[in-house]
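This report walks through one protein model for a reader who has not seen it before. Please look over the sequence and structure shown here, then read on.

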Amino acid sequence: MRVGWPQQALLVFGPPPVWLAVTVLRGIPSPVITLLAVGGLYGVGSAVVHNLFWADVFGDRPPRLGGNLADQLPRARKSWCSG
């Protein structure tokens, strides 16, 4: 399934406003702790999903830096884009 940038943007930027709205509307007594916990779980879940699907998405062709970054920082590029 191919996903375009609107769907990706919704998945990236959509959850935090929803968490904030639920926290405010429910009157959570310690919203900072609650939001940190939910954000932390979201981050861990996102990292797990990215790692699980890395091989399926990229296979033997790992991502590369493009544009004006294509020839910059070869050591960093190798560490960023290693599977």
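## A residue in helix α2

T23 is part of helix α2. Helices (H or I, at least four residues) and strands (E, at least two) are DSSP runs, numbered from the N terminus. With a relative accessibility of 8%, T23 counts as buried; buried means under 20% relative accessible area, exposed over 50%, and partly exposed in between (1.4 Å probe, protein chains only). Leaving aside residues up to four places away in sequence, T23 touches I28, P31 and L35, where contact means heavy atoms within 4.5 Å.

This is a predicted model, in which local features need pLDDT of at least 70 and side-chain atom pairs count only at pLDDT 80 or more, while totals for chains, interfaces and linings use all residues. Residues are numbered from 1 along each chain as its sequence is written, and side-chain values use heavy atoms, with hydrogens and water left out.

Helix α2 covers residues 15-26, which is 12 residues. From first C-alpha to last it reaches 16 Å, close to the 16 Å expected at 1.5 Å a residue; the expected span is 1.5 Å times one less than the number of residues. Just after α2, G27 has a positive phi of about 65°.

## Helix α3 and the surface

Helix α3 spans residues 31-58 and includes V57. G39 also lies in α3. G39 is 24 residues from P15 in sequence, and their C-alpha atoms are 9.1 Å apart in space.

| Residue | Relative accessible area | Class |
|---|---|---|
| T23 | 8% | buried |
| G39 | 25% | partly exposed |
| V57 | 58% | exposed |

V57 belongs to a nonpolar surface patch with V44, V48, V49, L52 and F53, and together they have about 570 Å² of accessible area. Accessible areas come from the Shrake-Rupley method with a 1.4 Å probe; for residues, only the protein chains shown count as cover.

## The whole protein

The protein has 4 helices and 0 strands, in the order α-α-α-α. Of its 83 residues, 5% are buried. It exposes about 7,400 Å², of which carbon and sulfur atoms supply 67%.

The mean pLDDT is 82, and 80% of the residues reach 70 or more; pLDDT is the predictor's confidence in each residue, from 0 to 100. Among the elements, α2 has the highest mean pLDDT (91) and helix α4 (residues 74-80) the lowest (62).

Note on methods
Patches are made of residues with over 30% relative accessible area and no salt bridge: like charges are joined within 9 Å, nonpolar side chains (Val, Leu, Ile, Met, Phe, Trp, Tyr) within 5 Å. A salt bridge is a side-chain nitrogen of Lys or Arg within 4 Å of a carboxyl oxygen of Asp or Glu.
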